[in-house]
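Subject: Structure handover

Hello,

Here is the structure I promised you. Please open it first, then read my notes below.

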Amino acid sequence: MTSARWKISVGTSYEATGEAMSAGTIDVGWLPGGTYAIYSQSQEVAVILTATRAGLSNDSENPADWNGVANKTLPTENQVTFYRSLIYAAPTEKGKALAAKVNAGEKPTWEELNDCTWAVGNTSSSAGYIYPTMWLMNNYDGKKVSDLSSVVTLGYADAFAQAAAEQVDIICCYADGRRDYEEPWNLPIDQKDATGKQGMGREAAIWDELNVIGVTPGIYNDTVAITTAKPEINNPEFINALQTALINIINTEEGKAIFSVYSHTGYAIAQDSDYDGARQALSVVK
């Protein structure tokens with residue numbers, strides 16, 4: 001291929017990129033797992049690579065294994081193709097009761113969860129809404145976030161701040177959320193950390209106070225996908241060449257800098273079935 005043949009553009013939205021790939025006007029696109037799930041249902045796009053990111057020191061499906069300073073979540077050198085969402089109990093009276101139950105190896109009841117105030121993301125957020133809904137459905141006879149009695153929609157920073165202020169009982173966030181808010185959790189409320197996060201004024205460690213009570217299935221990372229509308233793109237020779245090229249590029253320091261805009265640190269060969277969970281998530285949203 002020659003450089004004159006290829007043009008790089010930035011889509012106005014992920015959906016616009018998916019539409020253009022379905023029509024064959026874009027050959028290769030970077031799509032989140034949820035967007036790929038939408039446009040792959042009629043096989044108009046096909047995944048060839050999954051982005052990888054640095055893994056975490058914990059990937060247990062048992063929520064109690066995530067709690068306490070001894071189980072502090074740390075980054076690792078291992079590259080992984082998925083991440084998890086966690087359901088956290090805030091240090092409120094109701095949150096502490098849930099945490100004590102989970103840490104004793106017991107499962108909270110639906111009534112106990114429904115008696116809490118939940119902070120969730122918007123309905124398109126995988127970690128903040130969709131996968132927590134799947135967790136509820138899988139564990140509580142099909143119940144969803146929309147069935148809860150008291151729910152507020154907040155961004156992650158506001159969710160952590162309200163958990164620290166004991167204004168909500170449960171928040172939903174990606175698995176290394178506590179690591180991102182560890183320092184501001186204990187800073188005075190009139191101070192900010194180096195990244196600009198506002199202090200939350202707590203005294204105890206976030207690992208002890210914000211306990212995990214639920215662990216979702218894995219959320220697969222972003223995709224590199226191709227259109228299936230063009231035979232010259234959707235064929236084994238081209239796919240193999242593109243997979244090899246992108247993997248080689250991101251394995252260089254220059255390549256890592258290029259793809260850092262997506263927080264991608266590597267690419268792994270993908271298959272369509274990796275995103276079956278994302279398709280299940282779509283049905284949850286519907």
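The lining of the largest cavity divides into five nonpolar residues, two polar and one charged. Keep in mind that this is a predicted model. The lining residues are Tyr-14, Trp-30, Leu-31, Pro-32, Asp-222, Thr-223, Tyr-262 and His-264. About 40 Å³ of space lies inside. With a cut-off of 30 Å³ or more, the count is one cavity.

Next, the sheet. Five strands form an open sheet in the order β7-β6-β8-β5-β9, and the pairing is mixed. β7 (150-153) and β9 (211-215) are the edge strands; each has a single partner strand, so one side of each has no neighbour in the sheet. On average, neighbouring strands here are turned by 30° against each other, direction ignored. As a reminder, strands of a sheet pair through backbone hydrogen bonds, either parallel or antiparallel.

Strand β5 is worth a look. Its residues, 85-89, pair with strand β8 (residues 170-174) in the antiparallel sense, over five bridges. Ser-85 stands opposite Tyr-174 in β8. Ala-89 has Ile-170 of β8 as its bridge partner. β5 also pairs with β9, again in the antiparallel sense, over four bridges. There, Leu-86 has Val-215 of β9 as its bridge partner.

Is β5 buried or exposed? Five of its five residues are buried, so the strand counts as mostly covered. Which way do its residues point? Ser-85, Ile-87 and Ala-89 point one way from β5, while Leu-86 and Tyr-88 point the other way. In a regular strand the side chains alternate between the two faces of the sheet.

Helix α6 (residues 156-164) lies across β6 (117-120) and β8. Helix α6 runs at about 140° to β8.

Val-80 is found in strand β3 (residues 75-80). Val-80 has a relative accessible area of 26%, so it is partly exposed: buried would need under 20%, and exposed over 50%. What does Val-80 touch, leaving aside its neighbours within four places in sequence? The contacts are Ala-51, Thr-52, Arg-53, Ala-54, Gly-55 and Asn-221. Ile-189 is 109 residues from Val-80 along the chain, and their C-alpha atoms are separated by 35 Å.

Best wishes

Technical notes:
Residues numbered from 1 in each chain as written. Predicted model: local features only at pLDDT ≥ 70, side-chain atom pairs only at ≥ 80, totals over all residues. Heavy atoms only, no water. 1 Å grid on protein atoms, 1.4 Å probe; cavity = no way out; pocket = protein on both sides within 12 Å on 5 of 7 lines; lining within 4 Å. Points joined across faces, edges and corners; volume = space filled by probe spheres on them. Nonpolar A, V, L, I, M, F, W, Y, C, P; charged D, E, K, R; others polar. Pairing = 2+ DSSP bridges. Helix = DSSP H or I, 4+ residues; strand = E, 2+ residues; numbered from the N terminus. Axes fitted to C-alpha atoms, helices over the stretch in contact; angles between N-to-C directions. Contact = heavy atoms within 4.5 Å. Buried < 20%, exposed > 50% of the residue type's maximum accessible area, 1.4 Å probe, protein only.
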